[in-house]
Amino acid sequence: MKRALLALALLLAAPASAVLPDEMLKDAAQEQRARAISKDLRCVVCQNQSIDDSDAPLARDLRLLVREQIALGKSDAEVRDYVVARYGNFVLLKPPVEADTLLLWAGPFAVLLLGALGLVLWRRRAPAAEAAPLTEAERAELDRLS
Amino acid sequence: MLAEIGHFALILALLVAAAQAVLPMLGAARGDAALMAFGRSAAGLQALLISIAFAALMILFGQADFSVALVANHSALSQPLPYRLAATWGNHEGSMLLWVLVLAIYGAGIARFGDNLRATLQARILAIQAMISVAFLAFALFTSNPFARLSPAPLDGAELNPLLQDPGLVFHPPLLYLGYVGFSVTFSFAVAALMEGRADPAWARWMRPWVLAAWVPLTCGITLGSFWAYYELGWGGWWFWDPVENASFMPWLLGTALLHSAIVTEKRGALAGWTILLAILAFSLSLIGTFLVRSGILTSVHAFAVDPERGVFILAMIIGATGTALGLFAMRAPQMKSGALFGSVSRESGLTINNLILMALTAVVFLGTFYPVIMEAVNPANKISVGPPYYNLVFAPLSVPLLLLVTVGPMLAWKRDDAGTVGRKLLVPAAFAVALFAGLSLWLGLDKASSAFGLALGAWLILGAGLVLARRWWGAGGFSWRLVRTTPAATVGLALAHAGIGVTTAGISAMSGFAAEKILVMRPGETAEAGPLAVTMLGAEEVDGPNYRALRARFAVRQGGGESSLVSERRLYSVSGNQTTEAGIGVSIAGNQYVAIGDVQSDARGQGLVVRIYWHPLVGWIWFGGLLMAMGGAASLADRRFRIGAPQVRAPLARGLVPAE
Amino acid sequence: MKRLIFILPIIAFAGLAAFLGFGLTQDPKELPSQLIDRPLPEFALPGIADEPGGGPGLSSASFRGEPRLLNVWASWCAACPQEHPVLERIAAEGFPVYGIAWKDKPEDSRAFLARYGNPYAGMGSDFPGRTAIDLGVTGAPETFVVDRHGRVRFKQIGPISPEVWEQQIRPLMQQLRAEA
């Protein structure tokens, strides 16, 4: 496959990224699970990053903890519960679906549904009258603008 | 001396703005032509004064004058000149001055290019712009004075955060501000219309170029920001649903809705109330975004110096502006004339549904961003976070019906159309997209079906855009160059923009389904594989930069039949002690090769360097699509029909063709 | 009915403004503890002495019979030197203060105490940071108030200021002493 390769060695800044080789599990499937779970856990000492993305020491500790729990045979849900038991729901980047968060999960769909409902009702109720024709002054202005 | 001149110019500007806020409004109410004309002169003067102040600040930054506190805190002698200049807006106070500058320039623009407008409307718009200016100038002067002196002046400054010492800083904030602040014009239009009691087609036609004038730079700013994050942050992320990113995305979503809603109001006089509401909300979200970034109410990787006291001031401004506008809306909008009716299958109804879905998408981003704040008040014991998993689950599915609609819309006739007619027009793109989806799913595996769907959706959009042009260019007598030459710029704009969405969609789908990654310890001579890439480390050495020392590693990358070389550095900046990683990126149309080194580490075979290798398929398409969208907007802006007063040469349309708009 | 729709935006905005205003008074990074009124998580940590095994350390089992303060700190923590005089005052007033050195090399911890003083009745070293995770620690310093039954009753995030000691923690400790 021929591609126009612009090998721009774009040297542009970045902080070091997260998972280090010495943390990774030997078993590829387990490591996959660990990465997926890590992406859903918030780094509580960082500015809005997951523990998979952050290079803070606490993030690394939590990554190691997640892998330890997986190696012990815990399920994904059990690993998440373990961390939530210690830090609360704040540590979940996907908020739980519960009474408190109903507005969050249902809100957008409600907007859509209510809007659609409103449109349907508006169409039903609208009489067949056409818009009032332009007045002379408005027509002149529009001609001037066009 | 220069700092004092700048400060003085700013104070004068505040006084001029105060006069501009009051006198033209009085003039409009009384029909006094002189007072209304004053608005135009004042707008020009305000722009001039603030330009002087901004130029003064930039010169101070360029000269590295450390007797000014702001320069001392964000610049250093060793900092390269472009970043000394760009540091002018790389901080809270300077960026507020940029805000005010753009606001004033747009105001002067209304004065300069608004001669076709009703005098009363123009005067009211200028007065409202000035009110916003007064608020922001007061905020800048009283809480965030960029010209404060530092005594004794230090010999060298604290340098700008190395992450910001990058070309992105030169362009990203100014583009974003041209966008955010540009929506102040449409806001003023909306409020002025409410005051006058009417939002007629002339008003909408006049407003539309200003919507584009704000939308185009905002699109560029967001695209650039995403691109900057990609090469800046070390592992190929390009969007993080961070509160500050969301703060720029929400005005963009509503701005897109406003753009399309204004078309309906202009053509058919319908949806006027909705257009006004969208104009108010778009700018309100810009203001709320400013609030988010500077108040410390939410944590964010982008946070400026956070200060709850400044937050209170900004919140007061938001309550004043948005509260007044929405109050006027509640009172006046119900009485405004309702527009023409349209059938269930028509261009208008398509654009109405477009509005609705865009508002629902904005609601997703809004709820996700602000829910933690709401929860703090409602249930402090249950503190929650909302991150990418939420947005990916809710935003993506909601956007699918919208993306499907984008191709259908331009094929619909105004007022009344029929589903069968539209369906027949869309047979070719539909068949192609479905075939592509089926083919990709079978070839790449059913587990990649969602990515295959995304790619097919991208094709649907790109083909749909092509269809718009094809229907224009193949007239009754076949293909005609004359038809091509006389294509309205706005039609080209539509095609470019809609194709752009398709390109971006394809890029996002490829990245989410087919990206590859490898993280390991490497020594010179070793080779690692990630997806289609085979990467060999050639060697590593220490190098010196203008204001840093670095460890540089060189790599040879083989893919397909070709080979190229990439370089990655780990830098230590001398003044601040900050460390950054620079990635080596090999760009091509098919995707990017991405290599970044970390620190020294040991594995089973001994000591080496941590290396992260990524394959990012079609990632460039994400930003290229954004660029196409911006170009489409710019093309529409250039359309002669919008340059009010320009005579029109109408080429006769072939039978069966629907005018693009 | 029609008017109602037009009033909806401003009502929603009023609600939002109220939430935003309230939000300004809160710290988005402060995390309420999950441990309040729950037993102290189990731990058995080595000490920081300069000998194999670190010498006598700290275990959760010992938190019985008297209310205690458990202070999580580190030599690298910027606010800990500021808090230290307050801890010494607390110890001088007769309230037991125990410490966990979090992700700190024992020699660094010893140097810190030599420099600033040692108010601690006992010390454990949590270099791997696992105990801190069990405690839900997000930064140093943080202090837990544990009652005589080994239950956590209060968590102070950040350094204890004299005001916080006098107005919140000391009254609580006195109350816990009086409890059965």
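The model is predicted; local features need pLDDT of at least 70, side-chain atom pairs count only at pLDDT 80 or more, and totals for chains, interfaces and linings use all residues. Residues are numbered from 1 along each chain as its sequence is written, while chains are lettered from A and ligands numbered from 1 in the order in which they are written.

View 1. A residue is buried if 20 or more other C-beta atoms, placed from the backbone, lie within 10 Å of its own, exposed if 12 or fewer, and partly exposed in between. Helices (H or I, at least four residues) and strands (E, at least two) are DSSP runs, numbered from the N terminus.

**View 2. The strand partners of β3(C).** Strands pair if DSSP finds at least two bridges between them. β3(C) runs antiparallel to strand β6 (residues 142-146) of chain C, to which five bridges join it; here Leu70(C) stands opposite Phe144(C). With strand β4 (residues 97-102) of chain C, β3(C) pairs in the parallel sense, also over five bridges, and Leu69(C) has Val97(C) as its bridge partner. Between β3(C) and β4(C) the chain passes through helix α2 (residues 80-92) of chain C in a right-handed β-α-β crossover (clockwise from the first strand over the helix to the second, with the strands pointing away from the viewer).

**View 3. The contact between chain B and chain C.** In this interface, 25 residues of chain B are in contact with 19 residues of chain C (C-beta atoms, placed from the backbone, within 7 Å). On the chain B side, two or more residues each come from α10 (272-295), α11 (308-332) and α12 (347-378). The largest share, eleven residues, belongs to α11(B). This side comprises 17 nonpolar, six polar and two charged residues (nonpolar: Ala, Val, Leu, Ile, Met, Phe, Trp, Tyr, Cys and Pro; charged: Asp, Glu, Lys and Arg; polar: the others, Gly among them).

**View 4. Trp473(B) in helix α16 (residues 449-473) of chain B.** Trp473(B) counts as partly exposed because it has 17 C-beta neighbours inside 10 Å. Neighbours within four places in sequence aside, Trp473(B) is in contact with Phe479(B), Ser480(B), Leu483(B) and Val484(B).

Key: Two residues are in contact if their C-beta atoms, placed from the backbone, lie within 7 Å.
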